[in-house]
Amino acid sequence: MATLLSAVLALTAAARILTLDEAVQTARSRQPQLREARANADAARAIADELRAPLLPQVAATVGYQRGTANFIARPGVPATNAATAGSTSSATTYDFFSSGITVSQLLYDFGQTSQRWRAQQAFARSAAELEISALRQLDLTVRATFFGARANKALVTVAEETVANLQRHLDQTAAFVRAGTRPDIDLFQARSDLATARVQLINAQNNYSQARAQLNAAMGVEGPVDFDVADQSLGPARGEDAPVEGLLAEALHARPEMASLADQVRAEQLNLKSVQGQYGPSIAAVAGVAAGGDKQGWNAQAGISVTWFLYQGGFTNASVRESEARIRNFQAQVDSERQQIRLQLEQVRLALAAAKASQISAGEAQANARARLASAEGRYRTGIGNIIELSDAQVAMTAASTQVVSADFQLATARAQLIQALGREGN
C-alpha cells in the first residue's frame, strides 16, 4: 500500500516550471559558446598588454659562474705581453670566475611602430568585446525562440489531450446510441477510429514536447533530464515595433554590437597602417648597464644610445603597407554589408510581425467558429439530425483551428524576440 501511495504521489507531483527569464539567465551562465566569446575577448586584451610592454623600460639581470684553467693562447696578430709569456708551459690549475650584470633599455622613439601597434590591438580588443556582446544577444534570441517552440509544443499536447477527451465522449455517446439501436454500427467504428488516431497524435505531441525541452536544455548549456515544464509566457509588444523602418534602422545601427565591432576593426587597421609606415624610419633607444666579474670582482658601467634603421628589406615594408590598406578597404566593405543586412533583417522581422498579428486574429476567429461548429454538430448528432461524418469533420476542424492558434502565438513571440535582437536590445 505504501509503495502504491508513493507511486501515485510521484505521478501527481507538480513538475518544475521553467520561466523565460530563468532559461535566459541559465544560458548566460552555462552556455559554452558564451564562455568561448568571453575567452577570446580576454585573450585580445592580454595581447594588447603584451604589445604595450616594449614601450616600458626593459630590465635584464645576468649572473654567471665558471671554473676553468687560465692558460694563455696566442692569437695571430696579437702581440704577446710580458705577463702572458711569463710561463711557457700550460697548467691544469683551475680558478673560479664570477660575472654579473644589469642592463636597462628604454625605447625612445620609433616613428609610431610600437605605439600604434599597441593602440591597434586595443581597438581589436574592443572589437572582441563587442563580439562577446553580440554572442550574448544571439544566445538570448536562440534561447527565447527555443523556449517559445517548447511552449508551443506544450500547447499542442493540451490540444491533443482535449481532442482525445472529446472523442472519448463521442465514442461513449455513439456506443450508447448503437446499443439502443438508434445509430448503425458504422458510427461506432468511425468513433473508435477517430479516437485511435487522436491518441497517436497525442503520443506524437508528447514526444515533440520532450524533444523541444531537450533542445531547450542544449540551448541553455544544461546537461540533464527534461523533468520540467515551460511556463506559459510570451513577449509583449516591443517598444516601437510598429515604427517606420528608418527609425528602427537608426536605433539598430547605433546599438548593434556587430556594427561597433566592425568600426573598431576599421580603426585598428588604420592604426596598424600607421605602425607599418613607421618602419620607414629608425628606432631609437637608450641603453645603460653595469657589469661585474673576475676573481677580484672588478666592474664596469656603460650608457649610450642605439639607433636601428632598416634601410632595405626587399620591399617588405611597402608590401605591408599595401596589405594594411587592403584590409582597411575590406573592413569598410564589411561595414556596408552589415548595414544592408541589418536593414534586410528589420524589414523581414516587421513583415513577420505584421503577418503573425494578422494570423493571430484570423486564427482566433477560426477557432471560435470551429468551436461553434463542433457544438452544433454534437447537438445535431444527439438529436439524430446529423451523422457521424459531420461530427468527425467538425472535430477535425476544431483541432486544426486550435493548432493554428498555437502556431500564430509562436510566430508572434518569435518575431518579437527577433526584433529585440535585430535592434541590439537586451529586452523589449
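Contact here means heavy atoms within 4.5 Å. Among contacts in the protein between residues at least 6 apart in sequence, 85% join residues at least 24 apart. This is a predicted model, in which local features need pLDDT of at least 70, side-chain atom pairs count only at pLDDT 80 or more, and totals for chains, interfaces and linings use all residues. Residues are numbered from 1 along each chain as its sequence is written, and side-chain values use heavy atoms, with hydrogens and water left out.

The protein contains nine helices and six strands, which are DSSP runs numbered from the N terminus (helices H or I, at least four residues; strands E, at least two). Along the principal axes, its C-alpha atoms fill a box of roughly 140 × 65 × 30 Å. Of the 428 residues, 37% count as buried, that is, under 20% relative accessible area with a 1.4 Å probe, protein chains only.

A nonpolar core is a set of buried Ala, Val, Leu, Ile, Met, Phe, Trp, Tyr and Cys residues joined through side-chain atoms within 4.5 Å. The largest one has 39 residues, and those with the most contacts inside it are Val 143, Phe 147, Phe 148, Leu 216, Met 220 and Val 230. At least two residues of this core come from each of helix H2 (20-30), helix H4 (113-180), helix H5 (185-220), strand S4 (228-230) and helix H9 (388-422). H4 gives the most, with 14 residues. Apart from this core lies another, of 20 residues, among them Leu 249, Leu 262, Leu 353 and Leu 412.

Note on methods:
Buried means under 20% relative accessible area, exposed over 50%, partly exposed in between (1.4 Å probe, protein chains only).
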